[in-house]
Structures are given as C-alpha cells and as structure tokens.
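I opened the model today to look up a few local features and some totals. My entries are below.

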Amino acid sequence: MNTYTTPSPSDSPSRVQRRSEAHSWARRLSQRFLRLLVLIPLAIMLGLIASTCFFISGLSADGVALTRPVPGERVNLLLLGQDAGITSTGTMTGRNDVILLLSLDPVARSALLLSIPRDTRVDHPGVGSGKINAARVYGGTTASIAAVEELLGESIHFFVETDFTGLAALVDAAGGVWIDIQQEMHYSDPYDVPPLEIHFLPGEQLLDGTEAVHYLRYRDLLGDIGRLPRQRNFLLTLTKQLINPLAWWRLPEVAKQAKLYTHSNLEVTDLLSLGWQYLRLTATPVPQTLPGQGSFDGAYWLPDYTAIPSLFLSSSLPEQELSFFRFPAFTWDVVGWWRNTPLAKLFTPAQELEKGEIFLTVLNGNGGQGSATRAAENLKSEGYNIVRIGDANNYNYANSVIIYNSNAEAKAKLLQGSIPGASLQAATEDNQACDLVVVIGVSYHR
C-alpha cells in the first residue's frame, strides 16, 4: 500500500522564498543591463574621442610658429583655402582663394566670422602693392598669415590650411553637407584644369565633396565678392552639422582626412578649448565682409582701415546688445523684429533719399567695350558711389537691370530714373559690398 507523505517546510522553499529569489535575480539582471546601457555608449564615445585625437595629433604646422592666446583675450583662427595652382603650361604655387577669420571673444561669448576678399590690396614686403591672395606665392603660409595680421592689426593664434581636394575629402567624410541653394547656378570654365562645370537648381540639397567645392567656387554677377556670403554660410552649416551628437560617429574619419589634406598648428587641447568656447556662444558668429570698396577698375578690394578696429569690439555687435531674450546659439531680436513690421513703418517718418547714400556695382551686360565704365562715370557724376566695375555673366542683356538688396528697393527706384528702361529685380541674397547691382544692357545710351 502506497502512502503519501506531506513534505516538511525544510524539504522545499516556500512560495515567498521563491518569489524573493526571482525578484533578486531580476534586480541583478536589470542592474547589469543598466550598467551595459551606460558603459557601451561611454566606451563608444571614448573610442571616438581617442581615434579623433589620434588623427588630430598628427596635424602638421609646416614650421609655422604663432603666438598662443593669453587667457581672456580674443582667439583668432584663420582658415585658408588654396586654389589648384595649375595652368596649361605646368604647375605654380597655389594662391589663397578663400580667406576666413573666426574670432572668438571668450569674455563676451561672441564671435566674428570675417571674410577677407582675395583681391584685397596690401603691401607685400620686398615686392610692393598687390593682392592679398598672392602672399602665399611670395612666402608660403607664414607670409599669408603675416599679411592678414598686418591688414587687421590682430594676432593670428591658429590656422587651418587646405585646398580643393582636401575640402572635398572633408565634406565626404562628414557625410556631405545640407545647403539651401537660393538660386539657379550655372557656370562653365573650359580653361580650368580640369574644365569646370557648375549646375545647381534652387532648393535644400545634400552636397557631396565635389559639389560643395563647386558651390563655393561659383561666380555670379558680383564675382568674388558675391561668393563671400556663400562661403560663410557653408562653414557655419558644416560646423553646426558636426557638433550635432548624432554626427559624432563621423568625427574620426573627418580627423583622418584632415591629417591627410590639411596643415594646422591646432593641437588636441586647442581644439577642445575652441570647441568649448564655440558651444558657449550666446549667438551664432556675426558674418562680416572686410570693410572697403572695389577699385574703379574692379581689380582690387580697397580696405577701409579706419573701420577695421571696430570689428573686434564687442560693442560693434548691436544686434546682440538689443536682444531681450537670449539663449545659447539663438537670439530673438525683438527690436529688429518690431522695426520690420508694417505697424512700425506707420510711425516711422519718411526720409528723402540722397544719391550720395547709394553704393553701386556696375556691370557690362551688352559686350560693348567700355560700356560699364562710361555708365559708371555718368552715374558718379550724378552723385552715386561706385564700388566696382566689371563684366556680367553674359552679354545678352537687351535692357538694363537693377538688382537690389532686400532693404534697398527705394534706392533702386531712385536709380531707375537715371537709367531709362531699366527693370528692377530683387536679389536672391543680399550683397554686403553695395546696395544695388546695375547690369548695363544694349538699350542704355548716354
């Protein structure tokens, strides 16, 4: 006969004990999982930092020795972009096609992004007067930096130098760059090596390295001056893209390409310091073009030396001082917003324009020899200021065209009275060098 014996409590765990052990096991598992959630991203981040630092530490300054910034003073970083330096007869030393200065004020937490036109006229020691982009031909990177220091009266602490090939490699390593193209861009130069073909349609689009170089090299009616706002916009957009944590995984490859294609005196600690100062800015860097005007023959950009010192004063940034609401890398300018409202204009007394307040670029759009020069002389005799004279992108203009900045429509209408038959056209992007661009057509006769 089989008998059933009830197990004693000591023979098997109670239900409470089993639950307790299950909870303890689940707790230990969750703790391990949480540790992994923290450690894995941390390990990945440390790996990214280590590999990025490895490549950055290999940058070469090519013997350029610069003074280091004193704590609390402005930090000036010069960006130099060389052209190909190649002709049909062989090679020559590349010139500085892009000259940009990023000046950070760590105390005011503000920054200036200054474009220096490559045609800026300076004095080259032992050579004479010439364009600032030729400094590299006379003395390499050291001479290029010295020319900028002499021009601005500011010390350059750091520099980054690359060429078209290096820029394309850096952009590809960053996964391309998103640019909102404001207008159609079509340009051909069969004499370039290799032949240059640029074709873009308006709209936001992802540019690869080659396309980014084309975007920066494109010339509109304003020539080199017209490219400067695009160069600044490109640099700010690429910087914003790279400091986004979602793009940090690309930094080692960007640093690797930088080691291959750039020269710089930046060390790892310098780069970290600059990055921290950039992140602490109370607003995006203020874009500026070197104050000055074009020479009458259009060959040079003549700097206004009296206006340069004010660029490096914090008080020269009124749009930041007038801000009532301030956030990192973003500012609401309430005063500026109010001034542009229709209601504010009702309370603003009308002011009569003077021709002496208007600055013009005059371009030949009909192909007639000296057409733009004669028109400029006529307009100057009437009191207008002539900033630059040159050729339009083609000679197919039957009638003259006046292209005006967003705030210069009234000036364009005044000028229209001096150029009978001219049509008005709003600029797709404001030109900082002048108020109006005049393209002289076949119908212009004076």
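These notes go from the whole chain to single residues.

**Ground rules.** I am working with a predicted model, where local features need pLDDT of at least 70, side-chain atom pairs count only at pLDDT 80 or more, and totals for chains, interfaces and linings use all residues. Numbering runs from 1 along each chain as its sequence is written, and side-chain values use heavy atoms, with hydrogens and water left out.

**Whole chain.** I find twelve helices and 23 strands in the protein chain. Helices (H or I, at least four residues) and strands (E, at least two) are DSSP runs, numbered from the N terminus. Of the 446 residues, 41% are buried. Buried means under 20% relative accessible area, exposed over 50%, and partly exposed in between (1.4 Å probe, protein chains only). I looked at contacts (heavy atoms within 4.5 Å) between residues at least 6 apart in sequence: 68% join residues at least 24 apart.

I traced six strands in the order 13-8-1-4-5-14, with mixed pairing. Strand 13 (263-264) and strand 14 (286-289) are the edges; each has a single partner strand, so one side of each lacks a neighbour in the sheet. Strands pair if DSSP finds at least two bridges between them. Strand 8 (residues 158-163) and strand 13 run antiparallel and are joined by two bridges. Val160 has Ser264 in strand 13 as its bridge partner.

**Strands 10 and 11.** Strand 10 (residues 185-189) pairs with strand 11 in the antiparallel sense over five bridges. Ser188 is bridged to Glu197 in strand 11. Which side chains of strand 11 (residues 196-200) are buried? Leu196, Ile198 and Phe200 are, and they point to one face.

**Ser400.** I place Ser400 in the loop between strand 20 (385-391) and strand 21 (401-404). Buried or exposed? Ser400 counts as buried because its relative accessibility is 1%. Its side chain reaches the backbone nitrogen of Gly441 at 3.0 Å.

**Val127.** Val127 sits in the loop between strand 6 (121-124) and strand 7 (128-131). Its relative accessible area is 48%, so Val127 is partly exposed.

Technical notes
A polar contact is a pair of N or O atoms within 3.5 Å; within protein, one must be able to donate a hydrogen and the other to accept it, and residues adjacent in sequence count only if both atoms are side-chain atoms.
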